[in-house]
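I am starting a notebook on a structure that is new to me. The entries below follow the order in which I looked things up.

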Amino acid sequence: MRLHLTAAAVLLGLAACTTTPALPPLVGSDGAPLDLLLLGEQHDAEEHQEMHRKVVEALARRGTLAAVVLEMAERGRTTAGLPSTANEAQVREALRWGPGGWSWEAYRPAVMAAVAAGVPVLGGNLPRPLMREAMADAQLDAALPGQALREQQQAVRNGHCDLLPEHQIAPMARIQIARDRAMAQTLQQAATRGKTVVLLAGGRHVDDRLGVPLHLPPGLRVQTTKWPPPPPKKDYCAELEAQLKSRGVTKPLPQ
């Protein structure tokens, strides 16, 4: 059973983008806990991360939170061995959450709420050492239907502000596919009947047509929720272009 919650179902309208979104349904239509709740976010949207915390706390209060899986930590990292009284330094060490990566302050409330509830937090992302292997694995192209693969590749172009050379598009799309598969495998392994595993990831990763849901086995009660993104807080394309120029990389010519 797979439910997809549209933006209209969780928001009162686009005006709500300026406030914290409404709490999504935490159970299926029959009132039973979902197996998986996939929360898609815009990474620089504080209101989305505030919703993470609320969802984690709400499920923890019900006693139905099985685990929290993060795009922000690599697969194999876990807080499972930590006590509920673990401090932030211990949690960060368990997840290998180092400086220069994802903002700890953005995700700390949801992560620490899960730990305090005695619920494991699991890294779900593809480990960095495996990314080069994924880039060269052409078999990953077959993991998506043709149209979905083209959309994934176009998303890579857009996400890199049309600054990537064309020959890098397919390899970079394979990394995205491999990352989605890694998160799906982590979710599947953490699934516990009668409880809910929550995934915190970027909106594209929870897309039913392109992302994690495509790599999940049938039979799981899955709900995906994406909120409309607020206006970006900075010009990421200008920032990326400046970074590339500093490395001597210029915008590729149209092909």
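**Entry 1: the chain as a whole**

I began with the secondary structure and found 8 helices and 6 strands in the chain, where helices (H or I, at least four residues) and strands (E, at least two) are DSSP runs, numbered from the N terminus. Read from the N terminus on, the elements run β-α-β-α-β-α-α-β-α-α-α-β-β-α. I note that this is a predicted model, in which local features need pLDDT of at least 70 and side-chain atom pairs count only at pLDDT 80 or more, while totals for chains, interfaces and linings use all residues. Residues are numbered from 1 along each chain as its sequence is written, and side-chain values use heavy atoms, with hydrogens and water left out.

I then looked up burial: of the 255 residues in the chain, 47% are buried, buried being under 20% relative accessible area, exposed over 50% and partly exposed in between (1.4 Å probe, protein chains only). For contacts, meaning heavy atoms within 4.5 Å, I took those with a separation of 6 or more, and 78% of them join residues 24 or more positions apart.

**Entry 2: helix α4 and its partners**

I looked at α2 (residues 46–62) and α4 (residues 104–116), which pack at an angle of about 5 degrees with their axes 8 Å apart; axes are lines fitted to C-alpha atoms, for helices over the stretch in contact, and angles run from 0 to 180 degrees between N-to-C directions. That angle makes α2 roughly parallel to α4, since angles under 35 degrees count as roughly parallel, over 145 as roughly antiparallel, 65 to 115 as roughly perpendicular and the rest as oblique. On the α2 side the contact is made by Gln49, His52, Arg53, Val56 and Glu57, and on the α4 side by Ala106, Tyr107, Pro109, Ala110, Ala113 and Ala114. By class I find 7 nonpolar, 2 polar and 2 charged residues in this contact of α2 with α4, where Ala, Val, Leu, Ile, Met, Phe, Trp, Tyr, Cys and Pro count as nonpolar, Asp, Glu, Lys and Arg as charged, and the others, Gly among them, as polar.

I looked up proline 109 separately, as a residue placed in helix α4. Proline 109 is partly exposed, with a relative accessible area of 24%, and its C-alpha atom is separated by 7.8 Å from that of glutamate 50, which is 59 residues apart from it along the chain.

Next I took α3 (residues 88–95), which packs with α4 at an angle of about 100 degrees, the axes being 11 Å apart. The two helices α3 and α4 are therefore roughly perpendicular to each other. Glu88, Val91, Arg92 and Leu95 of α3 meet Trp104, Arg108, Val111, Met112 and Val115 of α4, which gives 6 nonpolar, no polar and 3 charged residues by class.

**Entry 3: helices α6 and α7**

How do α6 and α7 pack, and at what angle? I find about 110 degrees, with their axes 9 Å apart, and α6 and α7 are therefore roughly perpendicular to each other. The contact is made by Leu149, Gln152, Gln153, Val156 and Arg157 of α6 and by Ile169, Ala170, Met172, Ala173, Gln176, Ile177 and Asp180 of α7. These residues divide into 7 nonpolar, 3 polar and 2 charged.

Arginine 96, in the loop between α3 and α4, has a phi near 55 degrees and is partly exposed, with a relative accessible area of 48%. Aspartate 162, in the loop between α6 (146–159) and α7, has a phi near 60 degrees and is partly exposed as well, with a relative accessible area of 42%.

Leaving aside its neighbours within four places in sequence, I find threonine 64 in contact with Pro33, Leu59, Gly194, Lys195 and Thr196.
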